Amino acid sequence: MSAKVNGFLADTWWYALTARLKDEDFLRLAKLRVAQGFTAVQLVCGIPPETTPENPNAASPVGPAWTRSGDFNQEYLQYARGRIKHLNEIGLTVIVYGAWGPQINWLGVQRMIAWWREVIEITRDLDVIYCLTGESNLQPGIRDLALFNGQIDLVQTLDRLLDATRFTKKVKNRLLRTPAMILNRRHAWSVVLREVAKLTTTPILLHVSPGLTAFDCVEDPALLAANTVQTGHTEQSRPYLHKWPLQHYARPDAMGRGFVNLEPWYEGILARFRGPDQLYAYWVSMLAGAVSHCYGAHGVWNAGDGSYLDHWGSQTLEQAMALDTPRLMGLSHQVFRPYIDRPAMVNVDEKGNGVASITRSYEDLEITFIPDVSQADIPPAGKIWLPMEGRFTDQLPSSGQVVLFSTGLS
C-alpha cells in the first residue's frame, strides 16, 4: 500500500486552475482548509468537467490548458505549477487530475499521453499524487456531443425530451453507451495508464463514474496505487458508502492496496447532503476500511457564482466557504487518523438504506459509529465523540450521531 495515498483528507476544487477561482479566493480557501485540518486538494490540470477548451470558464488567466486542435499552452502549465507549489508550501498535497474521461475522444490517446508528459514534467519535484482522469468511463451524452458544435440549447431541449419517459431514456442510453464504446474507452485510458506509469514513481489513481471501481475500468489495475470509486450524488448511493470498501478487501486483486471514495456526496449539491450526511459519509466509509477521504462542497468544486453549472444547484463559493462541516470533518479525521493503519475487523448492522451502526474492532479497542443514538439498543459504554459538535463528552446525548471508543475488551 502506498503511504502517500493513506490518511489524507482532501477537498475538491475541479476549477482551481481556472480564472473562475480568483487569486484572493484561492489563497483564502487554501488557508481555510489547512486551518480546518485538510491535508490534500484534488484539482484538474487541464480542461475541467462539463466544459470545453473554447469555453472561457475552462481558461486560466493565461488561457486554457490546450486547444481543440491539441496545442498545449506552456504558459498555462507554468501557471498551474505556481498554484500547485503554493498549496504544497502551506501543507497541502495536490491530487493532480490530467483530464476528464471523454476528453480522450478530443485529444486522442497519443496526444493525451503527451499531455501527461507535460504535467509530470512541471510537477515531478512537487508533493503530488496523480489521478489519470476524472470519470474515465463517462460516455458522452447528447449534451456532451453538443459541446463539439456549439448547438447546446437545441441539443439540451432534445436531451430533455428523450429523458421524458423511461423508454426514451433507455433508448438514448443504449445508443450512447454501447458495449463497444465502453470497451474502447477502457482500452484507451489503459494505454495512457501504462505509458504514464513508465514516466513516474508517483502514485497513480483513477476516478470513475458511479457503479464501477477503478480496478474494473482499466486493463492493468496493478498499476494503480489504490482502488477508488465515485458513489455520486443521489440518496440511492447511501448503502454503497460502506459496501464499496468492504467489497474491495474481499477482492483477490486488492493485493494490500487501500480503498478511497474520490467523490461521495457534495455538500449542498442539488440543495442536499448537509452536515449530518457529510459526517455520516466520513465515518461509515472510514470504519468500513477506506484509507483516506474526499470531501466536496457545491460552490467550491465549480468556483460557483450561483449560475455557473446551476443544474447542480445555486450554492456559491462564498456560501460554501461559510459551511462549518469541513471544520467538523477535520476534527473527526484528527481523531480517527491514528487508527487507519491498524488491522481490524468490521461489523455492520444495516438498517433500511444505510446502517444502524458500524464497528471497527482492534485488539484493544472498538470504534462504533451510530447515526442516531436514539434508535440504538443499549449502545456499548465508552468514550463518546460527537461528530456534529467536534468534541468528546462523558454524557451520551438523547439523539444524533455518536462515535463510541470502547476499551478494555476481553
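Predicted model: local features only at pLDDT ≥ 70, side-chain atom pairs only at ≥ 80, totals over all residues.
Visitor: Is Arg-83 buried or exposed?
Guide: Residues are numbered from 1 along each chain as its sequence is written, and side-chain values use heavy atoms, leaving out hydrogens and water. Buried means under 20% relative accessible area, exposed over 50% and partly exposed in between (1.4 Å probe, protein chains only). With a relative accessible area of 5%, Arg-83 is buried.

Visitor: Which residue forms a salt bridge with Arg-83?
Guide: A salt bridge puts a side-chain nitrogen of Lys or Arg within 4 Å of a carboxyl oxygen of Asp or Glu. For Arg-83, the closest N and O atoms are 2.7 Å apart, and the partner is Asp-23.

Visitor: Where do Arg-83 and Asp-23 lie?
Guide: Helices here are DSSP runs (H or I, at least four residues), numbered from the N terminus. The pair ties together parts that are 60 residues apart in sequence, because Arg-83 lies in helix H2 (residues 74-89) and Asp-23 in helix H1 (residues 23-35).

Visitor: Which residues does the network with Arg-28 join?
Guide: Arg-28 meets Asp-25 in a salt bridge at 2.8 Å, N to O. Glu-318 and Arg-28 also meet in a salt bridge, at 2.5 Å, N to O. Salt bridges that share partners make one network of Asp-25, Arg-28 and Glu-318.

Visitor: How many salt bridges does a search of the whole structure find?
Guide: Side chains of opposite charge can pair when their charged atoms come close. Searching the whole structure for salt bridges gives 20.

Definitions and conventions
Helix = DSSP H or I, 4+ residues; strand = E, 2+ residues; numbered from the N terminus.
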